[in-house]
Amino acid sequence: RYGTQGLKVTPTKEGHIFTPPSYEYAMVLSSYENQDYSVEVLTYTISGSTGLPGVTLKGFPETVMSDENGFYQTTVTHGWKGTVTPDKPGYTFNPPSRPYAKVTANVENDNYEGAIIYLKIEGTVAGLGPVELAGFPGGTVTTDEKGAYSVKVEYGFTGTITPVKEGYSFTPAERPYNAIATDQTTQNYKGDKIFYAISGNA
């Protein structure tokens, strides 16, 4: 209004910074044009550790992956909300996810603990009593009296398992595994006694 004195106009919005912070008018005697403000949205960092390198943290506005030391950090805008889930094949995480209702400050030490998944390789070598199975991590495994075996290996196990018992051949002679991602059941072998021919003249 014409003649208004001591007028100060200050824009406000949660999570935003305005430049200039306000305009002051000593006395309004004419129209004012181009009384513009630039606005900046506040941002915050969310950081922590996954305990493992190469963990993808799904749910942030941008793709985030932990570094070689397991550390991660990302930036979100004021008021961001969402749920973040760590993911790496072969691992489970505690907690399995983290919800964010409304971020209004930096967040530190949002850590996760990863544990490797173990898978089973199991089956039988029927009818032969104890049979040795070579090639498992940690050394040879021996079947029980009924020929059954069950072994836990780390997710992604790669190797070749070979049944061994003196005087016997096996079908299959061996079983190769390449980066397994599921339990391997009914991994059975059939053993056959080896016979030798003895011949000659009397």
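Predicted model: local features only at pLDDT ≥ 70, side-chain atom pairs only at ≥ 80, totals over all residues.
Four strands form an open sheet in the order β7-β6-β9-β11, and their pairing is antiparallel. At its edges stand β7, which covers residues 64-65, and β11, each of which pairs on one side only. Within this sheet, strand β6 (residues 56-58) is joined to strand β9 (residues 82-87) by three bridges in the antiparallel sense, and here L57 stands opposite P86 of β9.

Strand β17 (residues 159-164) can be followed through its partners on either hand. Three bridges connect β14 (residues 132-134) to β17 in an antiparallel arrangement, with E132 having V164 as its bridge partner in β17. Three bridges also join β17 to β19, and these two strands run antiparallel; along this pairing G159 stands opposite Y177 of β19, while I161 has R175 as its bridge partner in β19.

As a general background, nonpolar side chains in soluble globular proteins tend to be buried together. In this model the largest nonpolar core has 17 residues, and I121 and F136 are those with the most contacts inside it. The elements that contribute two or more residues to this core are β13 (118-124) and β16 (148-154), of which β16 gives the most, with three residues. Apart from this core lies another one of 15 residues, which includes I46, F60, V76 and F93.

The surroundings of I121 can be given in detail: when residues up to four places away in sequence are not counted, I121 touches F136, Y149, S150, V151, V153, F157, Y177, I180, Q184 and Q187. One of these contacts, Y177, is also the residue of β19 that stands opposite G159.

## Cis peptide bonds

Most residues other than glycine have a negative phi, and most peptide bonds are trans. A cis bond joins N94 to P95, with omega at about -5°, and P95 is found in the loop between β10 (91-94) and β11 (98-100). A cis bond also joins T171 to P172, where omega is about -10°; P172 belongs to the loop between β18 (168-171) and β19 (175-177).

The loop between β19 and β20 (190-193) holds A179, whose phi is near 50°, a positive value in a residue other than glycine. T186 lies in the loop between β19 and β20 as well, and although T186 is not a glycine, its phi is positive at about 50°.

How accessible is T186, as a relative value? T186 has 59% relative accessibility and therefore counts as exposed, the cut-off being over 50%. For A179 the relative accessible area is 45%, so this residue is partly exposed.

Methods:
Residues numbered from 1 in each chain as written. Heavy atoms only, no water. Buried < 20%, exposed > 50% of the residue type's maximum accessible area, 1.4 Å probe, protein only. Pairing = 2+ DSSP bridges. Core = buried A, V, L, I, M, F, W, Y, C linked by side-chain atoms within 4.5 Å. Contact = heavy atoms within 4.5 Å.
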